[in-house]
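Here's a quick tour for anyone opening this structure for the first time.

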Amino acid sequence: MADISDLAQLREGIDECDAQLVALLAKRNGITQKIGEIKQQTGAPLHAPVREAELLAARRQEAINQNVSPDLVEDILRRMMREAYQNQQAKLACAAPELSPIVIVGGQGAMGQLFAQQFIRSGYEVKILDKDQQNDAKSILKGAKLVMISVPINALDAVVAKLPKLDEDCLLVDITSVKQSPIKALKAAHSGPVVGLHPMFGPDISHWVKQTVVVCEGREHQAAKGLLQQLQVWGCQLVELDAKKHDEAMQIIQVMRHLTTFVYGQFLAKQSHTLEELRSCSSPIYQLELMMVGRLFAQSPELYSDIMLAQFDDVETLLAQYQDTFASTLAKLKAGDKAALIDSFAEAKVYFSDSTEHFLTQSRSLLNKANDSKVLD
């Protein structure tokens, strides 16, 4: 019959395995750092999707062969890959040296600093033009090959209009979340090449691999080839969209989403229950929802106000549809009409039908991680 000494001995075996795992992780980190150095020297992209997919598939099969959960192995591998991508950020390949010098207008802001740091890591000469440097704007912009506008949406028109004349071969870029109006302003201020970018991430990312950047054509799109190659070297996923299509998509992805989160956060703040009380009895899925709400209110109120206001006039039809859907659902609830609710559920399910299994698998993984990270008193 087993006793406490057997348990202690088995735990010692676990400790030994864990120590070996740490040693293997250290060895793997050393190898990935060397891989990063080679990528920097050769200009190879940080992210190799085919290699990643093959590696995961092979390790999953090995896990199955050894009666180990393939999902567990994939979770561990993906976490190690994320660490590897972070380790490879220190020095990056330069895909388009002809873009130097680069000037970032609004470079003292969070996103401006993020891009400046990444360009510098890739060996570009980077200059900053912000409020403190306005008196030297002409000299800072002299000879610039790439000028990136990183300012709030509501300030872009005025900032761009005040720019001194740029060289004809200078590429003028903006990174705001709206594209039609900024591209129009850029083309009015500069007769040379123009491109609109929308980084679909914030300044708090740990690395750029797999981050999405939407690209909208402005003028002389071929001139942006080097910049787009650089983004791909950093591991970004580029999505090329017409500016009008982009703005229409953002009305749903950003404006309506942020509006819903903003309203729900205000609603929670007016309730009698504290956040701690809600969290204490929440399921992992609601914990994640609270995190996403809290994430919005942890960031700049000016930024999110600007995002919502920038296209508010364009979302009136969407808002009316949203209100109608809410009112219709509320009416069904008040009437106790279960059949109508089920019908509405079925109608919406059709929209998600091709992705439901994928979303279910992905969300299950997220929920497991959320539950694992719970801190119990």
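**The cavity, and what else to look at**

The largest cavity holds about 40 Å³ of space. Keep in mind that this is a predicted model.

**Inside the cavity**

- By the rule used here, the count comes to one cavity of 30 Å³ or more.
- Which residues line the largest cavity? They are Gly36, Lys39, Gln40, Ala44, Leu46, Gln88, Lys91, Leu92, Ala93 and Val233.
- Sorted by class, that lining has five nonpolar, three polar and two charged residues.
- Helix 1 (residues 4–42) supplies the largest share of the lining, with three residues.

**The chain as a whole**

- The chain has 377 residues, and 34% of them are buried.
- Its secondary structure comes to 15 helices and seven strands.

- Of the 29 residues in its lining, Arg28, Leu55, Arg59, Leu77 and Met80 are the closest to its centre.
- Which helix gives the most to the lining of the second largest pocket? That's helix 1, with nine residues.
- Helix 1, helix 2 and helix 3 each put in at least two residues of this lining.
- The lining of the second largest pocket divides into 19 nonpolar, four polar and six charged residues.

**Helix 3**

- Helix 3 covers residues 70–87, which is 18 residues. From its first C-alpha to its last it reaches 25 Å, close to the 26 Å expected at 1.5 Å a residue.
- Its buried residues are Pro70, Val73, Glu74, Leu77, Met80, Met81, Ala84 and Tyr85. They're on the same side of helix 3, because they cover an arc of only 145° around the axis.
- What do the buried residues of helix 3 pack against? Their partners are helix 1 and helix 2 (49–65).
- Two of these buried residues, Leu77 and Met80, also turn up among the residues closest to the centre of the second largest pocket.

**Helix 8**

- Helix 8 runs over residues 225–233, and its buried residues are Gly226, Leu227, Leu228, Gln230, Leu231 and Val233.
- Those buried residues pack against helix 4 (110–121) and a set of strands: strand 3, strand 4 (171–174), strand 5 (194–199), strand 6 (212–219) and strand 7 (237–240).
- Val233, one of the buried residues of helix 8, is also part of the lining of the largest cavity.
- Just after helix 8, Gly235 takes a positive phi of about 100°.

- Is Gln251 buried or exposed? Gln251 counts as buried because its relative accessibility is 11%, and the cut-off for buried is under 20%.
- Setting aside residues up to four places away in sequence, Gln251 touches Met256, Gln311, Asp314, Val315 and Leu318.
- His258, at 14% relative accessibility, counts as buried.
- Leaving out neighbours within four places in sequence, His258 is in contact with Leu296, Tyr304, Ile307 and Met308.
- His258 and Glu240 are 18 residues apart in sequence, and their C-alpha atoms are 23 Å apart in space.

**Lys145, out in a loop**

- You'll find Lys145 in the loop between helix 5 (137–141) and strand 3 (146–149).
- Lys145 has a relative accessible area of 25%, so it is partly exposed.
- What does Lys145 contact, leaving aside its neighbours within four places in sequence? Its partners are Glu98, Leu99, Ser100, Pro101, Asp169, Cys170 and Leu171.
- Lys145 and Ala26 are 119 residues apart in sequence and 41 Å apart in space, C-alpha to C-alpha.

How values were computed. Residues are numbered from 1 along each chain as its sequence is written. This is a predicted model: local features need pLDDT of at least 70, side-chain atom pairs count only at pLDDT 80 or more; totals for chains, interfaces and linings use all residues. Side-chain values use heavy atoms; hydrogens and water are left out. Buried means under 20% relative accessible area, exposed over 50%, partly exposed in between (1.4 Å probe, protein chains only). Contact means heavy atoms within 4.5 Å. On a 1 Å grid over the protein atoms alone, a cavity is a set of points where a 1.4 Å probe fits but cannot get out, and a pocket is an open set with protein on both sides within 12 Å along at least five of seven lines; lining residues have an atom within 4 Å of a point. Grid points are joined across faces, edges and corners, and a volume is the space filled by probe spheres set on the points. Helices (H or I, at least four residues) and strands (E, at least two) are DSSP runs, numbered from the N terminus. Ala, Val, Leu, Ile, Met, Phe, Trp, Tyr, Cys and Pro count as nonpolar, Asp, Glu, Lys and Arg as charged, and the others, Gly among them, as polar. The expected span of a helix is 1.5 Å times one less than its number of residues. The arc is that of the directions from the helix axis to the C-beta atoms.
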